[in-house]
Amino acid sequence: MTAPIERFDQLDLQAPILAALAEIGYETPSPIQAACIPHLLAGHDILGEAQTGTGKTAAFALPALDRVDISKRNPQVLVLAPTRELAIQVSEAFQRYASKMPGFHVLPIYGGQSMVVQLRQLQRGAHVVVGTPGRVMDHIERKSLNLDGLSTLVLDEADEMLRMGFIDDVEWILQHLPAERQTALFSATMPDAIRRVAHRYLRDPKEVKIKAATATVSTIRQRFLQIAGAHKLDALTRILEVEDDFDAAIVFVRTKTATVELAEKLEARGYAAACLNGDMTQQLRERVIEQLKNKTLDIVVATDVAARGIDVPRVSHVINFDIPYDTEAYVHRIGRTGRAGRAGNAILFVAPRETHLLRQIERATRQPIELLKLPSREAVADKRVAAFRQQVAEVLESEDLSFFVDVIAGMEAQHDTEIHEIAAALAFLAQKDRPLQMPETGRPDIAQLASGKPEARAPRDAREAREPRENRGEILERRRDYAEGRLARYRIDVGREHMASPKDIVGAIANEAGIESRFIGQINLFEDYSTVELPSDLSNDTIQILRRARVRQQPLNLRLASPEEAARERGRPGPGGRGAPPKKPFRKEGGFDRPGGDFKSRKPKP
């Protein structure tokens, strides 16, 4: 029986990869990483069943990087992902893991991104390509993606590609790849269609099945705050001040360096804080934990691995200062609070571009995470004043103040000053290092930024008047042309009976045909078909791509809407047609589908 793998340095990975992992703060492989990496390094194919958020990206990325020859600029690794968001996420992970490999280049390719830009980047060369099936097919057909030197293929979230109707495209791509390659297929579930693909294209694969540890303690209140990285420290200190049941906290960050930096910044702001990371000796680590237990410390800033095994009942809060990349890490983190049946608090900081990680955590834990409203400057000031009053009241009740009464009486007589003015001066001195009122900065309050509310603007006549642009007429005319004459209505053979949504349709069109979302107009869903506004000058190639694209496993079979269908959209019967459009047609705006309005109300992006 082989010994369990407890550290990444037990794996036969190249030194630059291990150095990058150490810098990121990874020390112990997750179960799927420990199970898959040795098989992939040995050259075996892998059939992995694992939920999103179990750490599977590193499970296939690390051994793939280990095999990359940096001197060759042609693609050696191809990762197929169902959505552009996942393609970008996987590309960023490759870049992090290869940060110590000079000259390494990874390229994400997906619909909605300029084809010209992708062609230029492919000509420059890339070691790893991560793409959606439709766009990868386009490049293979154009011969702009040369995969003759491919050594590793990864199918990520295969069941999601099946659900979105991409499985035929995936098989087409597999048939156009070199036969001699290593293949890794990962899927959250293993339906028959996925197993058929695996048995047809994988060679004697090693099967790995990982059950995600998604159980979270019911006594832990989970909240998240959406805030940009530059404001995280201010947000953290506000939360620590206003939380009524705060006793002690573990603040999680991703890297060892960040533990030291954040602990120092908290100390500078008057908090009893210390860091905890893998570079510290066991003696120092035990000392920090003991200080946390005996209330010498209130805050410990730690990495995932360094905090494992901490069992300190007084830890009332776990703050995820850096969101974890996998859900297992999140579950382990928040398990440091709410111990022995006590109530606990878990707060997650989410940057705007990290919302997909928040959704992954919610899906995997099957628990919604509530939005935290960051306290305003006024709320923090009120809390500080209340605490100050409480301190004064306690001193009045418990201390012999006769000496100080005489001192104040002397000051009152000497300076002919009211006693309340002397008290105000003493209060000022007492709170000078930590003012009861938060200073005004002239910038929007971070509580406003965190809530997503726009900064209040002055009335128009109070703002500086702008000179009209010289080409303003030309700009307006171009916008008018775009809004009034550039879109045509097309019919697609997918509708409500197929359980399709506007988001599904937009995703398929953007990913498969490369049509930017701003060029996708009004979408109307009917029972057995839908209509969508797209540019009127679509090329034949694009139309052919969209005819075979699938939504909910149903071919779109895109074609121009008939006069009857177009008339139905306008709410009046055409020749031989009848019916009316839905009362609330969907408008795709800003990446969301919402009722009301139409595409023409949108301004084109510059």
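Let's start with a contact. Glu-23 and Lys-100 join their side chains in a salt bridge, at 2.8 Å from N to O. This pair ties together distant parts of the chain. Glu-23 sits in helix 1 (residues 15–24), and Lys-100 sits in the loop between helix 4 (84–97) and strand 3 (106–109). The two are 77 residues apart. By salt bridge I mean a side-chain nitrogen of Lys or Arg within 4 Å of a carboxyl oxygen of Asp or Glu. Helices and strands are DSSP runs, numbered from the N terminus: H or I with at least four residues for helices, E with at least two for strands.

A word on the source. This is a predicted model, where local features need pLDDT of at least 70, side-chain atom pairs count only at pLDDT 80 or more, and totals for chains, interfaces and linings use all residues. Residues are numbered from 1 along each chain as its sequence is written, and side-chain values use heavy atoms, with hydrogens and water left out.

Back to that first pair: buried or exposed? Glu-23 counts as partly exposed because its relative accessibility is 47%. Lys-100 is partly exposed too, at 34%. The cut-offs are these: buried is under 20% relative accessible area, exposed is over 50%, and partly exposed is in between, with a 1.4 Å probe and protein chains only.

Now the whole chain. The protein chain has 23 helices and 22 strands. Of its 606 residues, 49% count as buried. Contact here means heavy atoms within 4.5 Å.

Arg-489 pairs with Glu-533, with the closest N and O atoms 3.1 Å apart. Again distant parts are linked: Arg-489 is in strand 15 (residues 487–492), Glu-533 in strand 17 (residues 530–535), and 44 residues separate them. Both Arg-489 and Glu-533 are buried. Then there is Asp-493 with Arg-491, at 3.2 Å between the closest N and O atoms. Asp-493 counts as buried because its relative accessibility is 16%. Arg-491 is buried as well, with a relative accessible area of 16%. One network to look up: salt bridges link Asp-45, Glu-180 and Arg-203.

On to the interior. Ile-17 is in helix 1. Its relative accessible area is 0%, so Ile-17 is buried. What does Ile-17 touch, beyond neighbours within four places in sequence? The contacts are Leu-62, Leu-65, Asp-66, Tyr-97 and Met-101. Ala-98 is 81 residues from Ile-17 in sequence, yet 6.2 Å away in space, C-alpha to C-alpha.

Next, helix 8 (residues 167–175). Its buried residues are Ile-167, Asp-169, Val-170, Glu-171, Ile-173 and Leu-174. What do they pack against? Two strands are listed, strand 2 (77–80) and strand 5 (152–155). The helices are helix 6 (133–142), helix 7 (158–163), helix 9 (192–201) and helix 21 (502–513).

Two backbone points. Lys-143 is not a glycine, but its phi is positive, about 65°. Lys-143 sits in the loop between helix 6 and strand 5. At 73% relative accessibility, Lys-143 counts as exposed. Glu-157 has a positive phi too, near 55°. Its place is the loop between strand 5 and helix 7. Glu-157 is buried, at 15%.

Last, the surface. Patches use residues with over 30% relative accessible area and no salt bridge; like charges are joined within 9 Å, and nonpolar side chains (Val, Leu, Ile, Met, Phe, Trp, Tyr) within 5 Å. Which residues make the nonpolar patch of about 390 Å²? Phe-403, Phe-404, Val-407 and Met-411. Val-407 lies in helix 17 (residues 402–415). Val-407 is partly exposed, at 37%.

There is a negative patch too: Glu-412, Asp-416, Glu-418 and Glu-421. Asp and Glu count as negative, Lys and Arg as positive; His and the chain ends are not counted. Each charge is placed at NZ of Lys, CZ of Arg, CG of Asp or CD of Glu. Glu-418 is in the loop between helix 17 and helix 18 (419–430). Its relative accessible area is 48%, so Glu-418 is partly exposed.

Methods
Areas by Shrake-Rupley, 256 points an atom, 1.4 Å probe, with all protein chains shown as cover.
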